[in-house]
Amino acid sequence: MNAKRADKIATGVLYAVAGVIVLILASLLSFILVRGVPHISWEFLTQPSKAYQVGGGIGIQLFNSFYLLLVTMIISFPISLGAGIYLSEYAKKNWVTDVIRTSIEILSSLPSVVVGLFGFLIFVIQFEYGFSIISGALALTLFNLPLLTRNVEESLRAVHYTQREAGLALGLSRWETVNKVVVPEATPGILTGVILSSGRIFGEAAALIFTAGQSAPALDFTNWNPFSASSPIGLFRQAETLAVHIWKINTEGNMPDGVAVSAGASAVLIIAVLVFNFGARALGKRLHKKMTSA
């Protein structure tokens with residue numbers, strides 16, 4: 001066998017493997033969307049769910065998912081940004097940096113159900129937050145920190161060293177160089193990572209079963225008291241999310257039309273995750289083109 005033939009065979013194998021992966025993904029998405037999209041309507045997206053009755057929607061669960069995502073990102077993004085800047089720009093090669101990197105690796109390898117149990121023991125019981133938005137957001141922060149921190153660090157490291165040298169040569173301090181030169185240059189990559197991690201959080205269920213709760217109380221959108229159980233902005237109310245709702249439907253079986261509701265909710269969840277992923281790519285390319293004139 002000559003080198004050209006071996007190269008063609010190896011290339012064909014790689015194309016076949018890539019094709020199998022794409023086929024599996026396309027089959028999975030097609031199966032979920034074909035079963036679920038016919039059940040999606042405006043009423044389905046806005047009406048509250050119903051137990052033991054036909055015709056329930058996912059309005060409250062959908063709102064809870066977006067609100068929990070917002071609270072989680074408000075908590076986790078500043079921490080991840082600071083950790084990424086430290087590891088990329090200031091950290092030296094010593095045991096402290098090794099401990100930080102090891103901690104990030106361990107956190108990233110923990111199963112989400114373990115994070116949920118930890119959140120249940122610490123935030124729900126020890127801190128006495130109960131099953132609530134804040135308990136779920138804090139648990140998801142632990143789940144999200146490794147991915148987001150690594151993304152920020154890699155985005156900052158991708159900025160060429162000459163950008164830093166140019167800032168220092170103009171008389172800027174190290175912090176001013178990072179703040180006014182490096183971070184703006186890395187913004188497209190950072191935002192892409194934020195959106196991708198948002199999709200991961202939006203579809204999370206295991207960690208929220210033990211922290212945010214498995215019920216969705218009726219919300220009064222005219223009530224803006226953050227301490228009220230019926231307020232949409234309340235941080236200490238239970239909040240069943242869309243992913244948890246899908247799990248609950250398929251385990252309890254108390255909905256006559258549970259199959260249709262589960263299919264529709266799964267399709268909405270998949271569409272949201274796809275929007276997050278494709279939106280991240282489009283936004284990243286647009287920002288990179290705008291900020292670099294490439």
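Student: Which hand does the crossing have where α6 passes α8, left-handed or right-handed?

Tutor: This is a predicted model: local features need pLDDT of at least 70, side-chain atom pairs count only at pLDDT 80 or more, and totals for chains, interfaces and linings use all residues. Residues are numbered from 1 along each chain as its sequence is written, and side-chain values use heavy atoms, with hydrogens and water left out. A crossing is left-handed if the near helix is turned anticlockwise from the far one by less than a right angle, and right-handed if clockwise. The crossing in which α6 passes α8 is right-handed.

Student: How many helices does the protein have?

Tutor: Helices (H or I, at least four residues) and strands (E, at least two) are DSSP runs, numbered from the N terminus. Reading along the sequence gives the pattern α-α-α-α-α-α-α-α-α-α-α. There are zero strands, and the count of helices is 11.

Student: What box do the C-alpha atoms of the protein fill?

Tutor: Picture a box taken along the principal axes of the protein. The C-alpha atoms fill roughly 65 × 60 × 35 Å.

Student: Back to α6 and α8: which word describes how they lie to each other?

Tutor: Axes are lines fitted to C-alpha atoms, for helices over the stretch in contact, and angles run from 0 to 180 degrees between N-to-C directions. Angles under 35 degrees count as roughly parallel, over 145 as roughly antiparallel, 65 to 115 as roughly perpendicular and the rest as oblique. The axes of α6 and helix α8 (residues 174-202) cross at roughly 150 degrees and come within 9 Å. Therefore α6 and α8 are roughly antiparallel.

Student: Which residues of α8 make the contact with α6?

Tutor: Contact means heavy atoms within 4.5 Å. From α6 come L140, F143, N144, L147, L148, N151, V152, S155 and L156. Their partners in α8 are V182, V183, A186, G189, I190, G193, V194, S197, R200 and I201.

Student: How many residues in that contact of α6 with α8 are nonpolar?

Tutor: Ala, Val, Leu, Ile, Met, Phe, Trp, Tyr, Cys and Pro count as nonpolar, Asp, Glu, Lys and Arg as charged, and the others, Gly among them, as polar. In the contact of α6 with α8, six residues are polar and one is charged, while the nonpolar residues number 12.

Student: How do α5 and α6 lie to each other?

Tutor: Helix α5 (residues 112-126) packs on helix α6 (residues 133-157) with axes 9 Å apart, at an angle of about 135 degrees. The crossing of this pair is right-handed. Therefore α5 and α6 are oblique.

Student: Which residues of α6 take part in the contact with α5?

Tutor: On the α5 side we find S112, V115, F118, G119, F123 and V124. Facing them in α6 are S135, L138, A139, L142 and F143.

Student: What is the crossing of α4 and α6, left-handed or right-handed?

Tutor: The axes of helix α4 (residues 95-109) and α6 come within 8 Å and cross at roughly 130 degrees. That makes α4 oblique to α6. The crossing of α4 past α6 is left-handed.

Student: How many charged residues does the contact of α4 with α6 have?

Tutor: The contact is made by R101, I104, E105, L107 and S108 of α4 and L142, P146, T149, R150, E153 and R157 of α6. Four of these residues are nonpolar and two are polar, and the charged ones number five.

Student: Which element gives the largest share of the lining of the largest pocket?

Tutor: On a 1 Å grid over the protein atoms alone, a cavity is a set of points where a 1.4 Å probe fits but cannot get out, and a pocket is an open set with protein on both sides within 12 Å along at least five of seven lines; lining residues have an atom within 4 Å of a point. L25, L28, L29, I270, V273, L274, N277, F278 and R281 line the largest pocket. Two or more of these residues come from each of α1 (3-36) and α11 (258-292). The largest share, six residues, belongs to α11.

Student: What is the volume of the largest pocket?

Tutor: Grid points are joined across faces, edges and corners, and a volume is the space filled by probe spheres set on the points. For the largest pocket this comes to about 180 Å³.

Student: Which residues line the largest cavity?

Tutor: There is one cavity of 30 Å³ or more. About 40 Å³ of space lies in the largest cavity, and α3 gives three residues, the largest share of the lining. The lining residues are S65, L68, L69, I201, F202, L208 and T241.
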